[in-house]
Amino acid sequence: MKVTLIGATGFVGSAVLSELLQRGHQVTVLARTPAKVLAQPGLTVMQGSALDAAQVQAASQGQDAVVSAYNPGWTEPDLYNLFLQGSRTIVEGVRASGTRRLLVVGGAGSLFVAPGVQLVDTPEFPAEWKAGALAARDALNELRNESALDWTFLSPPILLQPGDRTGQYRLGTEAPLMNGDQPGSISVADLAVAIVDELENPHHLQQRFTVAN
């Protein structure tokens, strides 16, 4: 497949890039600083910003799919607004490009821990992640009204960490996956496996899903 990847230099995006190239896909990366992306066979790097719809459109044109692992950075003071702005701009740019398939990596905060209660709204939710989690939830709510794209939103489990690639994971939908009474977890490498599996064999079109080991 020909896949555009946004956010390739981040924690999740770099793992997705490795997984895509390892499986022989042709990847176009949209990056503000192309020098941060190591040149590799099968990889094209375009300079541009996720906050510019025209640049997103140019990078997405003629592709089979777009993966967004966009995140302005957890220490960004205006994280909520920039996250939501980027999410909207990416949808706008992909829609304008004519590419229909968009997979967005969001957060676990919008998963439901009880009827009508999302993880981000619980008292235990860490304050330092809250702005990003609220923005990702709002981005998901907007995506649910998007009919022009074959979108998918992937929420990682509550614990996402470095670790080995096992190629194994469990699937869920709107609630966090658990290990007994403990939160479910996954390595970022296995999260990337789940992302590329969904691109190759779509099972969650216009849906959100989650995963855990």
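Author: The chain has 5 helices and 14 strands. Helices (H or I, at least four residues) and strands (E, at least two) are DSSP runs, numbered from the N terminus. The model is predicted, so local features need pLDDT of at least 70, side-chain atom pairs count only at pLDDT 80 or more, and totals for chains, interfaces and linings use all residues. Residues are numbered from 1 along each chain as its sequence is written, and side-chain values use heavy atoms, with hydrogens and water left out.

First, the setting. The C-alpha atoms fill a box of roughly 45 × 35 × 30 Å along the principal axes. Of the 213 residues, 49% are buried. Buried means under 20% relative accessible area, exposed means over 50%, and partly exposed lies in between (1.4 Å probe, protein chains only).

Now the charges. Side chains of opposite charge can pair when their charged atoms come close. Here a salt bridge is a side-chain nitrogen of Lys or Arg within 4 Å of a carboxyl oxygen of Asp or Glu. The whole structure holds 11 salt bridges.

Start at Arg23. Arg23 pairs with Glu19, and their closest N and O atoms are 2.8 Å apart. Arg23 also meets Glu200 in a salt bridge, again at 2.8 Å from N to O.

Arg23 is partly exposed, at 25%. Glu200 is partly exposed too, at 30%.

Next, Arg101. Arg101 forms a salt bridge with Glu198, with the closest N and O atoms 3.0 Å apart. Arg101 is in strand β5 (residues 101-105) and Glu198 is in helix α5, so this pair links distant parts of the chain, 97 residues apart. Both Arg101 and Glu198 are buried. Shared partners also build a network: salt bridges join Glu19, Arg23, Arg165, Asp197 and Glu200 into one.

A nonpolar core is a set of buried Ala, Val, Leu, Ile, Met, Phe, Trp, Tyr and Cys residues joined through side-chain atoms within 4.5 Å. The largest one has 30 residues, and Leu17, Val29 and Ile195 have the most contacts inside it. At least two residues of this core come from each of β1 (2-6), α1, β2, β4 (65-68), β5, α5 and β14 (207-212). The largest share, 7 residues, comes from α5.

Look at Leu17. Contact means heavy atoms within 4.5 Å. Leaving out residues up to four places away in sequence, Leu17 touches Leu5, Ala8, Val27, Val29, Val37, Gln40 and Leu43. Apart from this core lies another, of 18 residues, with Leu30, Leu82, Val91 and Leu149 among them.

Contacts also reach across the sequence. Among contacts between residues at least 6 apart in sequence, 71% join residues at least 24 apart. Gln168 gives one example at the surface. Gln168 lies in the loop between β9 and β10 (170-172). Gln168 is exposed, with a relative accessible area of 54%. Not counting residues up to four places away in sequence, Gln168 touches Asp190 and Asn213.

For contrast, take Ala53. Ala53 is in helix α2 (residues 53-60). Its relative accessible area is 16%, so Ala53 is buried. Beyond neighbours within four places in sequence, Ala53 is in contact with Thr89, Glu92 and Gly93.

Accessible areas come from the Shrake-Rupley method with a 1.4 Å probe; for residues, only the protein chains shown count as cover. Ile158, Leu159 and Met178 make a nonpolar patch of about 220 Å². Patches are made of residues with over 30% relative accessible area and no salt bridge: like charges are joined within 9 Å, nonpolar side chains (Val, Leu, Ile, Met, Phe, Trp, Tyr) within 5 Å. Leu159 belongs to strand β9 (residues 159-161) and is partly exposed, at 38%.
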